[in-house]
Amino acid sequence: MARVSEEPIDPRAELAALVHGWRREVGRRRFHGERRPAAAIELVPQPRVAAPTAKPAAAPTARPVAAPTVAPIAAPAAAPTTSGTALPASIAPGCADLASLRAAVAQCRACALCETRTQTVFMDGTCSSGVLFVGEAPGEQEDLQGVPFVGRAGQLLTDIITKGMGLERSAVAIANVLKCRPPGNRDPAPEEKELCTPFLERQIELLQPKIAIALGKHAAHFLLRSDAGMSQLRGRVHRRPGARGELKVVVTYHPAFLLRTPSAKKDCWQDIQLAMREIGLALPPRGAAS
Ligand code: URA
């Protein structure tokens with residue numbers, strides 16, 4: 001990296017400046033688990049070669065300092081340590097396949113949900129039908145079993161896939177916006193979504209689905225980069241630009257909402273049929289769907 005001065009390098013100040021730059025790049029003041037740094041680091045823009053005082057260098061400790069060195073890795077399973085704070089945005093793009101992405105997710109400690117989760121929930125199924133379902137975040141059962149959509153809402157999703165679409169559950173891929181359960185099944189926080197979604201982004205690139213079906217507003221807002229209401233987003237096929245070309249997206253209700261609002265099931269079925277038609281999946285015989 002080019003330096004702005006030929007002065008002798010103080011390695012601690014160098015590291016502090018590196019961390020500062022990294023913070024600014026990802027738009028965060030501190031990372032999960034990091035102690036509050038000295039005001040000079042947090043508030044004052046640091047030159048690339050900082051004043052060689054001991055305080056700023058000591059404040060971030062070894063945790064954030066370790067992260068930039070593991071960021072551009074291609075073998076992510078080895079990258080983030082259990083005490084590290086390597087971020088999904090740095091790790092996910094370097095994951096060459098789903099197995100290494102799953103390993104990176106399992107080791108993620110980027111936000112506070114790593115403290116309360118039983119385990120991460122990566123995905124279920126395959127994309128052999130071309131369909132990817134995207135939900136919100138694991139619930140209690142998913143957190144315990146490590147598999148998405150296995151609780152009550154999951155049973156309804158399974159019915160939609162098997163009875164409605166006439167597919168094996170394993171023929172569709174099922175993933176979530178967040179890979180860890182928010183305590184008490186609260187809504188995902190904006191910061192959690194921002195930190196976690198590079199994993200889903202990479203998952204989509206690796207799965208290459210023909211269509212993604214967003215289950216509820218959190219998935220819809222991530223996939224469509226929009227905060228419009230469900231009524232505006234449902235009922236049509238969206239096209240999401242991506243690194244590997246356009247992804248078709250259809251938005252429908254979250255199965256948990258359908259459990260509370262059974263009258264919305266018919267609208268959901270319309271959305272599912274729209275998605276199936278769009279990618280040429282045969283609709284099951286009349287009456288097969290409930
Ligand atoms: N709800 C979700 O959004 N995802 C799950 O995995 C389970 C319930």
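Contact, throughout this tour, means heavy atoms within 4.5 Å. The model is predicted: local features need pLDDT of at least 70, side-chain atom pairs count only at pLDDT 80 or more, and totals for chains, interfaces and linings use all residues. Residues are numbered from 1 along each chain as its sequence is written, and side-chain values use heavy atoms, with hydrogens and water left out.

**Confidence**

Begin by colouring the chain by pLDDT, the predictor's confidence in each residue, from 0 to 100. The mean for the protein chain is 79, and 70% of its residues reach 70 or more. Select residues 1-31, where pLDDT stays under 50 and the model has 57 contacts beyond four places in sequence. Residues 33-83 also stay under 50, with 83 such contacts.

**Helix 9**

Next, select residues 152-164, which form helix 9. Helices (H or I, at least four residues) and strands (E, at least two) are DSSP runs, numbered from the N terminus. Helix 9 has 13 residues and reaches 17 Å from its first C-alpha to its last, close to the 18 Å expected at 1.5 Å a residue; the expected span is 1.5 Å times one less than the number of residues.

Show the side chains of the buried residues in helix 9, among them A153, L156, L157, I160 and I161. Buried means under 20% relative accessible area, exposed over 50%, and partly exposed in between (1.4 Å probe, protein chains only). The buried residues of the helix pack against strand 2 (131-135), strand 3 (173-176), strand 4 (211-215), helix 13 (255-260) and helix 14 (265-278).

Within helix 9, centre the view on T158. T158 counts as buried because its relative accessibility is 16%. Its side chain is joined to that of R169 by a polar contact of 3.0 Å. A polar contact is a pair of N or O atoms within 3.5 Å; within protein, one must be able to donate a hydrogen and the other to accept it, and residues adjacent in sequence count only if both atoms are side-chain atoms. After the helix comes G166, whose phi is positive, near 70°.

**The largest pocket**

Now select E136, A153, N185, H254 and A256, which lie nearest the centre of the largest pocket among its 29 lining residues. Helix 8 (140-145), helix 9, helix 11 (217-224) and helix 13 each give two or more residues to this lining. Helix 13 gives the most, with four. The pocket holds about 690 Å³ of space.

On a 1 Å grid over the protein atoms alone, a cavity is a set of points where a 1.4 Å probe fits but cannot get out, and a pocket is an open set with protein on both sides within 12 Å along at least five of seven lines; lining residues have an atom within 4 Å of a point. Grid points are joined across faces, edges and corners, and a volume is the space filled by probe spheres set on the points.

**The largest cavity**

Two cavities of 30 Å³ or more are found in the whole structure. For the largest, of about 130 Å³, select C108, C111, R117, C180 and C196, the residues nearest its centre out of 16 in the lining. Helix 10 supplies the largest share of that lining, four residues.

**Two loop residues**

Move to P188, in the loop between strand 3 and helix 10 (190-207). P188 is buried, with a relative accessible area of 5%. Not counting residues up to four places away in sequence, P188 touches E136, A137, L178, K193 and H218.

Finish at E246, in the loop between strand 5 (238-240) and strand 6 (247-252). E246 counts as exposed because its relative accessibility is 60%. Leaving aside neighbours within four places in sequence, E246 is in contact with R239, R240 and P241.
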